[in-house]
2 protein chains.
Amino acid sequence: MQATTYFFIFVDLFLAVFEDPAVYPLPFLATSLVEVLCLLVFFGRLVHFAKVTPRNVFWKDTKNICIMMAILVTLIDLIIYGALKISNINSIRWSRFLRPIFLINFAESRQIRRVFRSIRNTLPEITYVFLLFMFSVLMFSLMALKLFGDRNLRTVEGSPYFTNYLEIVFDLYVLVTTANSPDVMMPAFDFSWWYSLFFITYVVINTYLFMSVFLAVVYNNYRKHLKNEIRKLAYMKHHKMIEAFNILKVKEGTEFVVQEAQWKQLVKQVAPDISTSHRELLLRVSDEEQKGYVDKKSFVRLADLLNIQVIAMRIQTHPLEHWMPRVYNSAVSLFIRSMVQHKGFVWTYDVIILINAVFIALDEENPLISYAEWVFLSLYILEILLKVYTYEPRAFFAKTQFWNWFDTSIIIAALIATILNASLKSASQYNSQQVLDIVFILRVLRLIRIVDSIQRFRVIMNTLINIVPTMLTFGGLALVVYYMFAIVGMELFQGKIQFFSRNSTAHHALECGNPALKDSLFARAKYCKNNFNDITSSFIVLMELTVVNQWHVLANGFALVTHQAAKLYFVAFHVVVVIMIINILIAFILEAFFVEYSLEKSEVETAIERKIQELGVGIQEEELRDGKLIDNMETNENDLGGEGITKKKSQGLMFKIASTRYRTVDALLQRMFEAEILPEDDGPSVDEILNLSPADVYPKNPTFDSTA
Amino acid sequence: MQATTYFFIFVDLFLAVFEDPAVYPLPFLATSLVEVLCLLVFFGRLVHFAKVTPRNVFWKDTKNICIMMAILVTLIDLIIYGALKISNINSIRWSRFLRPIFLINFAESRQIRRVFRSIRNTLPEITYVFLLFMFSVLMFSLMALKLFGDRNLRTVEGSPYFTNYLEIVFDLYVLVTTANSPDVMMPAFDFSWWYSLFFITYVVINTYLFMSVFLAVVYNNYRKHLKNEIRKLAYMKHHKMIEAFNILKVKEGTEFVVQEAQWKQLVKQVAPDISTSHRELLLRVSDEEQKGYVDKKSFVRLADLLNIQVIAMRIQTHPLEHWMPRVYNSAVSLFIRSMVQHKGFVWTYDVIILINAVFIALDEENPLISYAEWVFLSLYILEILLKVYTYEPRAFFAKTQFWNWFDTSIIIAALIATILNASLKSASQYNSQQVLDIVFILRVLRLIRIVDSIQRFRVIMNTLINIVPTMLTFGGLALVVYYMFAIVGMELFQGKIQFFSRNSTAHHALECGNPALKDSLFARAKYCKNNFNDITSSFIVLMELTVVNQWHVLANGFALVTHQAAKLYFVAFHVVVVIMIINILIAFILEAFFVEYSLEKSEVETAIERKIQELGVGIQEEELRDGKLIDNMETNENDLGGEGITKKKSQGLMFKIASTRYRTVDALLQRMFEAEILPEDDGPSVDEILNLSPADVYPKNPTFDSTA
């Protein structure tokens with residue numbers, strides 16, 4: 001269901017590729033039929049929502065109203081556009097601008113909506129800072145006009161320097177983004193070096209001070225609102241768990257409890273995919289004294305327990321040992337296995353990788369070097385085979401073994417691509433460029449592995465990999481903003497600038513097909529391919545504008561072929577994307593790093609881990625990495641004993657808490673603030689929640705506070 | 001003493017202006033004599049230090065060793081250089097590079113040293129991130145070489161595109177700073193839009209991700225180390241206060257205390273400039289029950305109490321009321337005073353300012369407009385006179401009234417400059433350009449006032465003003481780094497690039513006097529004035545490099561006139577200044593804003609404020625601003641009574657806690673972390689400090705914890 005909705009949302013957004021101005025043009029009938037189909041799916045999804053949620057909740061939700069309005073408006077626009085098209089009048093498909101609304105407002109994109117809500121909440125504060133910043137820019141522009149206006153200075157292009165107030169404002173706004181530094185200063189600087197002080201003061205105040213203030217405001221607000229949302233979530237979770245407890249509770253002695261059987265049934269229902277032994281472990285944590293029931297305090301903790309990823313590992317003998325024990329345990333085999341487990345093995349391959357890097361950089365034409373490529377490829381394949389021979393294959397390819405998966409897929413892809421390339425070459429004496437490009441990229445990617453052999457790098461890499469899933473949220477956010485700007489940009493600028501290949505003889509080929517661009521910086525820098533003629537070009541131009549550099553050249557170019565007011569489009573993009581979106585991105589990366597730096601195991605995690613250790617079914621991460629898992633197991637089994645434990649032992653099961661590397665976005669966000677929120681809010685919130693629960697007769701549990 | 005040291009440090013640094021390559025050349029004999037003088041002063045200061053500090057402490061301090069080595073090395077360098085100069089051999093004054101050592105290592109520059117220590121501590125961590133980042137750049141460069149090297153693509157300038165590995169690395173490093181975006185991508189993008197994905201991936205990973213990680217690492221470490229230093233300071237303070245207590249203590253009943261008389265004497269000694277009534281107030285806070293002595297807990301708090309700026313305000317009648325009460329209280333005078341106090345008065349002047357802004361933007365040549373300038377000037381003077389007439393002049397020009405001081409000084413300066421300009425004009429029919437420039441700047445600065453009338457802007461402005469003193473620390477830091485790079489830059493590049501004025505007919509004038517620059521981007525952009533021919537030019541070039549944009553053009557230009565390896569100088573500058581220093585600046589601004597957002601009154605401040613309110617001598621800040629101070633006072637006096645209070649009342653004194661606006665750098669930094677540090681560290685630290693104090697017989701005070 002969720003996947004279907006997403007699929008149709010992306011189909012709808014993707015339509016821009018085929019609609020006029022198109023990358024691959026399709027007739028209007030085709031695209032409009034697909035769009036109507038998408039709208040029908042969205043409507044169906046909405047109807048489904050309306051059925052499962054109570055009527056008053058459904059109609060109060062602005063999300064649903066938004067979607068309905070967007071569907072209606074899009075239909076109207078489609079009809080009008082179609083009718084006008086039939087009568088050969090060209091109009092604008094303005095409702096395309098609204099498409100990202102579907103991406104934001106469906107229940108599935110909670111993350112993106114949260115970021116948008118945080119932006120909306122930040123707006124008032126950032127507006128005041130922005131006004132102050134603009135005031136400063138206007139003041140400096142006025143000063144610049146008075147200081148330089150009457151000097152008859154000329155810019156490098158020979159145009160008058162700082163004589164028109166509006167142009168000065170634009171130039172100084174560009175200077176804030178540093179894009180025209182130091183060019184904008186040079187005429188004044190050439191006149192007298194004193195004037196450079198004006199520009200230095202300007203840059204310090206407006207670029208360094210104000211831009212940092214924007215970051216501070218965005219970061220502070222983002223954090224504040226995120227914290228608030230997480231707090232709400234935590235309270236809701238708590239509240240619901242208490243509700244569930246009140247339904248299931250049974251009186252046992254002086255207190256209400258939940259019986260073991262019911263608890264197990266509940267866990268089976270809410271988390272059907274966890275194994276029996278994992279459930280057993282959770283029960284042991286919840287019912288520490290094995291009383292046969294779970295008290296309220298432990299019951300409320302269940303949601304947190306289920307949130308923690310406990311990895312269950314079945315300890316199995318190597319399949320080869322199973323099939324041919326004698327060969328696998330022979331002296332040669334044991335030697336090979338100990339060799340692979342030795343540190344020198346890793347170092348040898350690090351050296352091989354470095355030599356490989358040198359070979360890649362060398363000239364491809366030399367036949368010796370293209371043979372060397374085969375040697376390296378077989379060395380890498382040999383490495384993987386040896387590792388699979390030594391370590392248990394299912395442990396080697398476990399979900400959590402990111403680098404093993406990475407290595408293996410890169411090597412196999414490289415093998416396939418290289419074979420494909422070689423066969424194409426021998427068959428047709430011709431290198432397929434696409435295949436060759438892929439081979440090159442894969443070859444270089446193989447080198448990344450060296451990072452994983454150095455401990456300090458591994459830590460940084462893990463943090464970076466951790467950020468990736470959350471970056472997807474920002475991908476969504478960026479997609480929404482880019483899409484809207486791209487649609488507007490295409491309507492404003494399509495066809496105004498044309499790209500001609502290098503040796504084209506077309507009229508005005510050098511001026512991007514537009515005489516207005518003659519002698520402009522835009523044409524001289526050969527920016528003709530930076531245009532809004534289709535959605536991919538638009539996205540690339542918007543990306544260039546995000547990077548900021550030379551954006552004034554692009555803005556001036558498009559202003560020349562349309563109107564000076566077109567610059568407002570580019571300034572608006574800068575304000576929205578660079579001042580808002582990029583700062584949110586930086587805020588998120590900063591936050592993620594700070595969390596990573598200060599993250600310690602949460603209370604609940606420690607409880608589970610302690611229990612795992614108590615039961616003697618724990619594994620150290622280092623053991624896992626070194627593949628000593630199986631050996632260690634045997635010694636462990638001798639050391640420990642106990643009725644409940646031996647049962648698990650005989651199954652050959654081990655547990656470990658997943659490292660933060662494999663958390664979901666939401667879990668990471670929750671972890672970010674849970675430690676901060678709960679201590680202070682414990683007093684009032686628990687009271688509040690206790691008031692909500694109908695169990696007024698139930699005596700307050702004094703140790704309840706620590707569970708929140 | 002401190003001022004003298006600073007003076008000579010700056011004289012020493014300033015010598016670079018007169019030394020070859022000089023802005024104002026002076027003979028070597030003159031500069032070297034001044035330098036020897038400076039060294040003598042530094043040596044004298046060091047001898048003084050050595051006398052006041054114990055010998056083993058003095059010789060253990062690396063600061064002192066550093067200074068001594070620097071003095072010695074500079075002397076040796078001076079002698080060698082002088083001797084070679086006499087025999088007409090030109091050598092390098094390399095010890096100039098060491099001059100900033102004096103700025104860092106004298107005891108006075110504690111702030112700068114603290115930042116340097118924090119940088120040193122951050123280095124290992126940032127090095128690992130930097131290595132990973134460089135690895136990523138090298139990998140992408142290798143990919144770029146394989147993907148684009150054999151395509152026979154050409155850059156805009158017509159040179160081969162991405163064929164040399166080292167050049168690719170440099171180009172892609174420049175792309176990280178965004179300075180050559182999108183130019184570096186255009187040839188590949190023109191070839192196929194698919195290749196733009198390579199550059200977009202590169203920018204996302206290396207510019208956005210890694211640069212944010214640098215900020216995160218710098219920020220996190222900066223914070224951590226700052227916190228640690230402040231913690232140490234707080235402990236030291238605590239420890240010393242307990243030592244002082246143990247010297248002064250007297251047994252009173254069951255506990256040791258300090259008698260009131262001794263307490264007063266101590267305060268008089270350590271803070272001789274606070275008034276008797278202020279001291280009385282502090283005593284009231286310390287000895288709440290007026291027992292005639294101060295207990296240990298309150299005594300230890302003394303340092304914090306003295307740190308808090310309590311502003312004592314003597315309530316006085318307006319001098320005019322004193323001299324001619326009848327006229328000042330007449331109906332006309334009262335009407336004027338109420339008019340000035342009315343909100344409409346502020347609004348009227350806001351409108352006048354806006355009209356003024358329009359007039360400034362208009363053409364100066366029109367005589368009507370130059371008359372208007374006189375009108376505006378007299379309106380502003382009238383405003384100040386009216387305000388001084390209405391409000392008490394000493395209150396109006398109090399130290400804390402930043403905007404009043406700002407306004408008045410701007411207006412008076414503008415008045416003087418305008419009169420000077422007018423008299424010069426009538427005397428010689430000639431506008432002095434310097435005077436006119438100042439008049440223009442002052443005119444525009446007057447407009448800033450409008451910001452202060454809007455509450456929301458005022459809050460942001462206050463935070464910004466708050467940051468200013470701390471920015472001075474960063475000024476010092478930047479000065480040290482810039483100075484060192486400038487000295488090296490001058491030795492490497494002096495005289496290689498010359499600036500010729502626009503209509504010069506000199507040979508190679510268009511190529512900055514260096515044929516190697518023919519057709520280079522550097523010459524075409526007319527960057528000839530960006531050179532290292534003297535210290536001011538060097539500083540301006542370094543500022544441009546800090547702003548980053550076009551730095552590759554500068555780097556390439558200087559590489560062309562010397563050697564390709566010269567690029568390393570520019571890359572080193574980027575790494576040091578942009579990755580380290582600027583991130584520290586941003587970290588500080590972020591931190592300052594977060595503190596401002598979350599700052600609440602500290603415990604000690606609240607205690608003082610409560611006491612002030614109890615004694616009935618408090619003032620609300622709003623009352624102060626609205627000038628209602630005097631009126632309110634009279635009603636207050638009727639309401640309240642009490643023996644100690646009436647005494648103060650009769651003096652017409654009022655107290656208030658200074659707002660955070662007027663804090664010193666150190667106080668702000670301490671406030672930043674005090675709240676965070678003390679709760680957690682209370683347990684161990686107090687024990688530790690109690691162990692240090694010799695008062696083992698003294699029973700531990702259970703309420704002592706809250707004082708730390």
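Helices here are DSSP runs of H or I with at least four residues, and they are numbered from the N terminus. By that rule His574(A) is found in helix α27 of chain A, which spans residues 567–598. The structure described in this report is a predicted model, and every value below was computed from it.

The secondary structure of chain A comes to 32 helices and five strands, and buried residues make up 52% of its 708 residues. Among the contacts in chain A with a separation of 6 or more, 74% are made by residues 24 or more positions apart.

Is His574(A) buried or exposed? The relative accessibility of His574(A) is 4%, and because buried means under 20%, this residue counts as buried. When its neighbours within four places in sequence are left aside, His574(A) is in contact with Tyr173(A), Thr177(A), Val548(A) and Ile579(A).

Another helix of chain A, α26 (residues 551–561), is mostly covered, with nine of its eleven residues buried. Among the buried residues of α26(A) are Trp551(A), His552(A), Phe558(A) and Val561(A).

## Salt bridges within the chains

Side chains of opposite charge can pair when their charged atoms come close. A search of the whole structure finds 34 salt bridges over all chains, and the table lists some of them.

| Salt bridge | N to O distance |
|---|---|
| Asp77(A) and Arg93(A) | 2.8 Å |
| Glu383(A) and Arg449(A) | 2.6 Å |
| Arg99(B) and Glu35(B) | 2.9 Å |

What does the salt bridge between Asp77(A) and Arg93(A) tie together? Asp77(A) lies in helix α4 (residues 62–86) of chain A and Arg93(A) in the loop between α4 and α5 of that chain, so the pair ties together parts that are 16 residues apart in sequence. Both Asp77(A) and Arg93(A) are buried. These two residues also belong to a network of salt bridges, whose linked members include Asp12(A), Glu19(A), Glu35(A) and Glu491(A).

Glu383(A) is buried, and so is Arg449(A).

In chain B, the side chains of Arg99(B) and Glu35(B) meet in a salt bridge, and this pair too links distant parts of the chain, since Arg99(B) is in the loop between α4 and α5 and Glu35(B) is in helix α2 (residues 28–52), 64 residues apart. Both Arg99(B) and Glu35(B) are buried.

## Where the two chains meet

The size of an interface is often given as the accessible area lost when the parts come together. Between chain B and chain A the buried area is about 8,500 Å², of which carbon and sulfur atoms give 74%, and the contact takes 89 residues from each of chain B and chain A.

Two salt bridges are found across this interface, one of them between the side chains of Asp437(A) and Arg151(B), at 3.2 Å from N to O. There are also 20 residue pairs in polar contact across the interface, both residues at pLDDT 80 or more. On the side of chain B that touches chain A, the largest share, 14 residues, comes from helix α9 (residues 196–248) of chain B, and the residues of that side divide into 61 nonpolar, 14 polar and 14 charged.

## Strands and backbone details of chain B

Strand β1 (residues 250–252) and strand β2 (residues 255–259) of chain B pair in the antiparallel sense over three bridges, and the bridge partner of Glu252(B) in β2(B) is Glu255(B). Two residues stand between the strands of this hairpin, in which Gly253(B) takes a positive phi near 65°. On pairing with strand β3 (residues 293–295), β2(B) is again antiparallel over three bridges, and Val258(B) has Val294(B) as its bridge partner in β3(B).

The peptide bond from Asp20(B) to Pro21(B) is cis, with omega near -5°, and Pro21(B) lies in the loop between α1 and α2 of chain B. The bond from Ser181(B) to Pro182(B) is cis, with omega near -5°, and Pro182(B) lies in the loop between α7 and α8 of chain B.

Cys512(B) has a positive phi of about 55° although it is not a glycine, and Cys512(B) is buried, with a relative accessible area of 0%. Lys526(B), which is not a glycine, has a positive phi of about 55°, whereas its relative accessible area of 39% makes Lys526(B) partly exposed.

Key
Residues are numbered from 1 along each chain as its sequence is written. Chains are lettered from A and ligands numbered from 1 in the order in which they are written. This is a predicted model: local features need pLDDT of at least 70, side-chain atom pairs count only at pLDDT 80 or more; totals for chains, interfaces and linings use all residues. Side-chain values use heavy atoms; hydrogens and water are left out. Contact means heavy atoms within 4.5 Å. Buried area is the accessible area (1.4 Å probe) that two parts lose on being put together, summed over both. A salt bridge is a side-chain nitrogen of Lys or Arg within 4 Å of a carboxyl oxygen of Asp or Glu. A polar contact is a pair of N or O atoms within 3.5 Å; within protein, one must be able to donate a hydrogen and the other to accept it, and residues adjacent in sequence count only if both atoms are side-chain atoms. Ala, Val, Leu, Ile, Met, Phe, Trp, Tyr, Cys and Pro count as nonpolar, Asp, Glu, Lys and Arg as charged, and the others, Gly among them, as polar. Two strands pair if DSSP finds at least two bridges between them. Buried means under 20% relative accessible area, exposed over 50%, partly exposed in between (1.4 Å probe, protein chains only).
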